[in-house]
Amino acid sequence: MLISFLRRMSIAKHHIPSFGFGFHTTTSIHKHTPNNHLFFSSSSSSSMELEMEQVGHVHYNHTLPSKHPRWNARESFEFMSLKPWQPINHFYLNLVHSYSSLSILFPSQALLNDNDTAIPPPLSDKIELESVAPKNRTGRWERATFKIVLSYHGGSFDGWQKQPGLNTVQSVVEASLGKFVDERKTQLLKDRGLPIEGCATVAGRTDKGVTGLQQVCSFYTWDKDVNPRDIEDAINHAAPGKLRVISVSKVSRAFHPNFSAKWRHYLYIFPLISKGYRDQSNGNGDVSDYNGILDSACKEELESEKKSYMFSVRKVNRLLRELEGKLLSYKMFARDTKASRNEGPPTECFLYHARAMEARLPITDFGEETSVMCVELVANRFLRKMVRVLVATSIREAAAGAEDDALLKLMDATCRRATAPPAPPDGLCLVDVGYAEFDPKKCFIQEE
């Protein structure tokens with residue numbers, strides 16, 4: 001069977017289709033010339049395993065114009081992962097604790113509320129939720145639905161979705177809601193030998209390491225005596241310092257955190273300099289060489305291939321601005337989904353807002369202020385890991401000196417290797433989920 005598999009792979013390498021975005025393969029298989037059969041040395045199993053790994057290995061060959069060669073996937077990953085993420089993780093933790101505020105990053109642009117709280121007021125319209133307040137119902141319509149707005153630190157959890165043996169936000173929240181489950185459901189769970197837990201529906205699942213500043217979920221029960229304050233207290237005591245309830249309100253059972261939402265608001269904070277390095281901006285808004293790869297070996301490797309190890313924040317902003325106001329298919333910027341699917345949810349997303357600017361994190365326990373790039377994205381929906389791939393690809397294209405419409409052209413790629421690997425989750429946070437029409441004046445980054 002092994003020989004049959006390799007024979008098929010040998011034939012397949014001659015039938016690789018050609019696309020506008022080219023790629024090539026490297027396949028290494030030894031042949032026994034007398035019988036013209038595939039041959040592997042029995043004395044070296046390690047070499048056979050190495051050749052197996054090389055079969056069908058695909059390298060992406062970019063054809064879009066750029067001033068410098070683009071980073072490959074490994075170089076992009078190293079550029080992202082070697083950055084100092086501790087100050088950003090600490091900043092997000094302070095936001096969850098209400099010790100800091102996002103307005104610190106945008107002193108001249110952010111909309112400040114009267115109390116200057118750590119997290120900005122929800123951009124969603126409260127009047128719309130009040131207009132669908134629950135009316136007197138009977139039977140199955142008598143249940144009470146609660147909208148819960150949460151803030152949690154991504155570095156303290158293994159993502160949102162409940163998974164066996166992992167500490168996830170959903171598992172903590174649903175365990176806290178168990179005491180508010182009605183008697184009928186409680187008995188049903190006991191009969192099936194299941195834990196007494198509530199069911200929380202969320203606006204959008206976040207990956208491990210992603211912070212949620214105003215994540216929205218809902219919970220319903222037929223218990224008429226449940227008070228919103230009791231729900232708030234139960235969740236706040238579940239994981240103090242890591243998970244905090246911002247608000248709990250009773251809404252119509254027609255409310256759905258995901259399907260009722262009209263937009264999602266994300267912010268990605270990317271560190272520009274490491275500890276001990278000074279700001280070397282050239283003063284005109286384009287960031288200079290302190291955005292480069294600091295590892296000398298990686299830097300020498302890029303220089304030998306004439307690849308740039310610097311990028312401009314202003315260039316990233318220009319690349320992202322090309323996406324605003326357009327309904328596009330972002331399947332090349334998604335991960336963990338089929339790249340070419342014709343069934344299931346659509347891959348089109350409408351980006352209302354896509355901007356980038358330079359900012360500074362306040363002084364933390366990790367040293368002096370940190371210069372960062374903030375990427376702000378607002379869309380009607382996002383695909384899996386789409387924000388992180390957009391950030392990483394924008395940085396790669398900016399470093400390569402690509403044209404401003406490079407991200408638009410990558411939409412037509414036929415292979416996801418055309419886009420960069422996802423940026424680390426440490427820099428990403430879900431700022432808010434909106435249930436009213438989007439208002440661009442309420443975004444943080446306004447200046448071009």
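The lining of the largest pocket comprises 15 nonpolar, 10 polar and 11 charged residues. In this classification Ala, Val, Leu, Ile, Met, Phe, Trp, Tyr, Cys and Pro count as nonpolar, Asp, Glu, Lys and Arg as charged, and the others, Gly among them, as polar. The structure is a predicted model, in which local features need pLDDT of at least 70 and side-chain atom pairs count only at pLDDT 80 or more, while totals for chains, interfaces and linings use all residues. Residues are numbered from 1 along each chain as its sequence is written, and side-chain values use heavy atoms, with hydrogens and water left out.

**The largest pocket**

- The largest pocket holds about 1,100 Å³ of space. Of the 36 residues that line the pocket, Gly-204, Arg-205, Phe-382, Leu-383 and Arg-384 are the closest to its centre.
- A pocket is defined on a 1 Å grid over the protein atoms alone, as an open set of points where a 1.4 Å probe fits, with protein on both sides within 12 Å along at least five of seven lines; lining residues have an atom within 4 Å of a point. Grid points are joined across faces, edges and corners, and a volume is the space filled by probe spheres set on the points.
- β6 (201–202), β9, α11 (386–400) and β13 each supply at least two residues of the lining. The greatest contribution comes from α11, with three residues.
- Helices (H or I, at least four residues) and strands (E, at least two) are DSSP runs, numbered from the N terminus.
- The pocket lies between domain 1 (73–84 + 264–274 + 308–434) and domain 2 (144–252), because both give residues to its lining. The domain bounds come from an automatic or database domain assignment.

**The largest nonpolar core**

- The largest nonpolar core contains 78 residues, and those with the most contacts inside it are Leu-105, Phe-270, Phe-311, Tyr-330 and Met-373. Helix α11 gives the most to this core, with nine residues.
- This core also receives residues from both domain 1 and domain 2, so it lies between them.
- A nonpolar core is a set of buried Ala, Val, Leu, Ile, Met, Phe, Trp, Tyr and Cys residues joined through side-chain atoms within 4.5 Å. Buried means under 20% relative accessible area, exposed over 50%, and partly exposed in between (1.4 Å probe, protein chains only).

**Strands and their partners**

- In strand β13 (residues 428–434), seven of its seven residues are buried. Strand β7 is likewise mostly covered, with 10 of its 11 residues buried.
- Strand β7 (residues 211–221) runs parallel to β13, and two bridges join them; two strands pair if DSSP finds at least two bridges between them. Thr-211 has Cys-429 in β13 as its bridge partner.
- Strand β9 (residues 263–271) pairs with β13 in the antiparallel sense over six bridges. Here Tyr-268 stands opposite Leu-428.
- Eight bridges link β5 and β7 in the antiparallel sense, and Ile-148 stands opposite Cys-217 in β7.
- β6 and β7 also run antiparallel, joined by two bridges, and Thr-201 stands opposite Ser-218 in β7.
- In a regular strand the side chains alternate between the two faces of the sheet.

**Individual residues**

- Ser-98 has a phi near 70 degrees, a positive value in a residue other than glycine. Ser-98 is placed in the loop between α4 (86–97) and α5 (126–131), and its relative accessible area of 40% makes it partly exposed.
- Lys-385 is not a glycine, yet its phi is positive, at about 60 degrees. Lys-385 occupies the loop between β12 (370–379) and α11, and at 26% relative accessibility it counts as partly exposed.
- Ser-151 belongs to strand β5 (residues 144–152) and is buried, at 0% relative accessibility. Although Ser-151 and Gln-215 are 64 residues apart along the chain, their C-alpha atoms are separated by 6.3 Å.
- Ser-171 is part of helix α6 (residues 169–176) and counts as buried at 18% relative accessibility.
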